[in-house]
Amino acid sequence: MAAYLSMGEAHRRIGDYLSRVVDAISSSDGAALASLFAVSAPGSTLLSDALAAFPDFPRLAGDRFPHLADLLVPLLRAIHSHSLQRFADAYSSFEKAANAFLQEFRNWETPWAMEAMHTVALEIRLLAEKADRELAMTGKNPDKLQAAGSFLMKVFGALAVKGPKRIGALYVTCQLFKIYFRLGTVNLCRSVIRSIETARNFDFEDFPVKDKVTYMYYTGRLEVFNENFLVADQKLTYALMHCNPQSESNLRRILKFLIPVKLSIGVLPKRTLLERYNLLEYADVMTSLKRGDLRLLRQALDRHEDQFLKSGVYLVLEKLELQVYQRLVKKIHIIQRQKEPAKAHQIKLGVVVKALKWLEIDMDVDEVECIMACLIYKNLIKGYFAHKSKVLVLSKQDPFPKLNGKPV
Amino acid sequence: MDRGSSSSRGRGWQGRGHHGGGRGGGGWQGCGRGRHGGGGGGRGRPSPPTPSSTAYRATVNPTPTPASTVDDAAPIVGTCPDMCPARERAQRERLRDLAVLERVGGDPAQTSPSLAVKKFCRTISSTNVMASDIRPLPVLRETMDYLLHLLDSSEHPFETVHDFIFDRTRSIRQDLSMQNVVNHQAIQIYEDVQKRGRILFLLCASTFGLQDTQNDSLSLWYSQLASQVRQSKEMILARNLLRCYHLGNFKRFFCLIAAEATDLQLRLVEPFLNEVRARALMYFNHSGYKLQHHPLEHLSEILMIEESELETLCRTCGLEIRTSEGTKAFVPKQTSFSLPASMPRSNGIYISREVGR
């Protein structure tokens, strides 16, 4: 509970804050301005206490700095509402302030205020998330995040121009990605991606590393959704390589998607990697691939089904089943080679049925024949099957080709 | 098809919990556009293309949800009492833009309030639309009811009915979205659609028919499904079918359908069955042994297709059939095989005798 605040003191604090904003603008101090815009950041309550004690603050701001009233008044309202945990109100006010700021920003020739613009972009998303949570809980329609997205598209438009401001565009792009992914409207990412990548104004290399990493992470995830594994591999690997090595949680996020991609192209990470980054949900999947243990794969998929479905990797992992079959048949082949090398390249389908039964998987010989036909077609097995004799005949050379970085 | 008799409020509207999951607009974007099947040729849309886009005012908006740039605009409350706004009805009659299912006595220039259903409009802007064009929630529920009821009729070919239903369901979603309806009832409408097997169709459509499009990611769609829906029998069947398909386990694919699909689900899956069978033929032709012919009888059994129909399918795929000692078979490793661009229509699941599983 704030100690009693005199009107005079409250008045002074508010005036002080406003002066700092105005001074930052007039002296082109982007860093100072940025910190003044961090509405939702936890910090001192000196200002919000003052606003609570001095309800007439809008008039104070409007009288003192009329030329910046459109920015300052809603900004103070946002801070005030946020301190009272009225997030929908805080968002609405902040959006007004943000729009006013964007107008000013457009008029400034140099990109001095980029840091402040980025803070605005971040804050508007964070406030929108809080606002939507609040709205959903009270049974209203949570539409603030979507609105924040629209605002950020405007910001993007202001940055995607010739000149020094364009360097700030990737950060805003990443905020947009976060919004679209949260809302599930990832198809909206396409238009920003197009702007960035068909770059007449942008040279991707010029952007800050942090932004490039985030960008590659999200675009990599999009490729996972669309099952373009080779491109996903490139992007997510880029993100991994350039990510700050201290940032464990970011590394973990990247790996969460990179690992299924790697598995799809036949590359198995070390178990120690999974342990280090707490991604043990993939451990059984990996083991099943190494052992040809179909039952284990299915169990792993069942156990973590919700998690995998939510993150969008379930279908990727499910498709690994073909590789597990390949491994199983290979093991049978190895065993046969030890027992009777001359005939080892002929595998009775009935033997596969038995092996599966041993794994508690009930399949008849027709089903096995279908699957073998598929494995051969997809070049996971070299050979052919003889229908009447119910035999799989393996090629004598390299009957189980490795994926070699190519998806099945 | 008298709308009065089909709308029974009691039908299937059980109370469901509100689950956060996908909101109206967001939850459905990116999900199959319903362009189904490799059979590109010959499947015309039921209604002629809209003569001019100025018929409906617009801003360019490729997604069904309206662009909400005016965040202070209050959502509209619809007042249209019919399944199709009177204005649109009159306009489409004039332009002869009526779907087969909307025509009175087959007349392309005449419809009625009990037959016409509001069309999906790709280019609607929420700022320009009138309340009388939007159907309120109770009307939307009745409209949905009517559309689902159409699935049970056999008066028209399946594709026609499905195309119509799919388009008109999108329009329902659009109306819901514009009214910012995100409560129990809206979700119930979606769930009921899903419960009637549409998921199955969408899954089939997106896997079998849309593998080459970037737009529709099945993974994305899964990630947004509420868990209640994900665990429904229909979803589980659909996912099992997809798994079998990806694995090439055609025998189990058809066994599952025969054993577990409801009549409705079977009808929804029907357009794709021959595509699946053709793929099976492709694998068998590729991987088989050319000195051991593959008897059609065996294939007919595991692919659950009548032998004569199978023979036709083989020929359509460029596979030669040989007869020896009265049994027909095809010889694997024929280079003349190719997946046809236009697939012959399937006659469903055919079981010649008691199948083991």
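Start by selecting residues 213-399 of chain A, which UniProt, in an unreviewed entry, lists as "domain: PCI". UniProt positions follow the numbering used here, feature names are shortened, and annotations may be inferred rather than shown by experiment. Helices (H or I, at least four residues) and strands (E, at least two) are DSSP runs, numbered from the N terminus.

A quick word before moving on. This is a predicted model, so local features need pLDDT of at least 70 and side-chain atom pairs count only at pLDDT 80 or more, while totals for chains, interfaces and linings use all residues. Residues are numbered from 1 along each chain as its sequence is written, chains are lettered from A and ligands numbered from 1 in the order in which they are written, and side-chain values use heavy atoms, with hydrogens and water left out.

**Stop 1: inside chain A**

Now pick Arg271(A) and Glu275(A). They form a salt bridge, with their closest N and O atoms 2.9 Å apart. That term stands for a side-chain nitrogen of Lys or Arg within 4 Å of a carboxyl oxygen of Asp or Glu. Side chains of opposite charge can pair when their charged atoms come close. Here the two residues sit four apart in helix α14 (residues 271-276) of chain A, so about one helical turn separates them. Arg271(A) is partly exposed, at 42% relative accessible area, and Glu275(A) is partly exposed too, at 44%. (Buried means under 20% relative accessible area, exposed over 50%, partly exposed in between, with a 1.4 Å probe and protein chains only.)

Next, select Arg295(A) and Glu360(A), whose side chains meet in a salt bridge at 3.3 Å, N to O. This pair links distant parts of the chain, 65 residues apart: Arg295(A) is in helix α16 (residues 294-303), and Glu360(A) is in the loop between α20 (349-358) and α21.

**Stop 2: where the chains meet**

Show both chains. The contact (heavy atoms within 4.5 Å) takes 50 residues from chain A and 43 residues from chain B. About 4600 Å² is buried between them, with carbon and sulfur atoms giving 51%; buried area is the accessible area (1.4 Å probe) that two parts lose on being put together, summed over both.

How many salt bridges does the rule find across the interface of chain A and chain B? There are five. For a look at one crossing pair, zoom in on Asp366(A) and Lys251(B), whose side chains meet at 3.4 Å, N to O. Asp366(A) belongs to helix α21 of chain A, and Lys251(B) to helix α10 (residues 250-260) of chain B. Asp366(A) is buried at 10%, and Lys251(B) is buried at 7%.

**Last stop: chain B**

Finally, select Glu88(B), Arg92(B), Glu102(B) and Arg168(B): salt bridges that share partners join them into one network. Over all chains, the structure holds 33 salt bridges.
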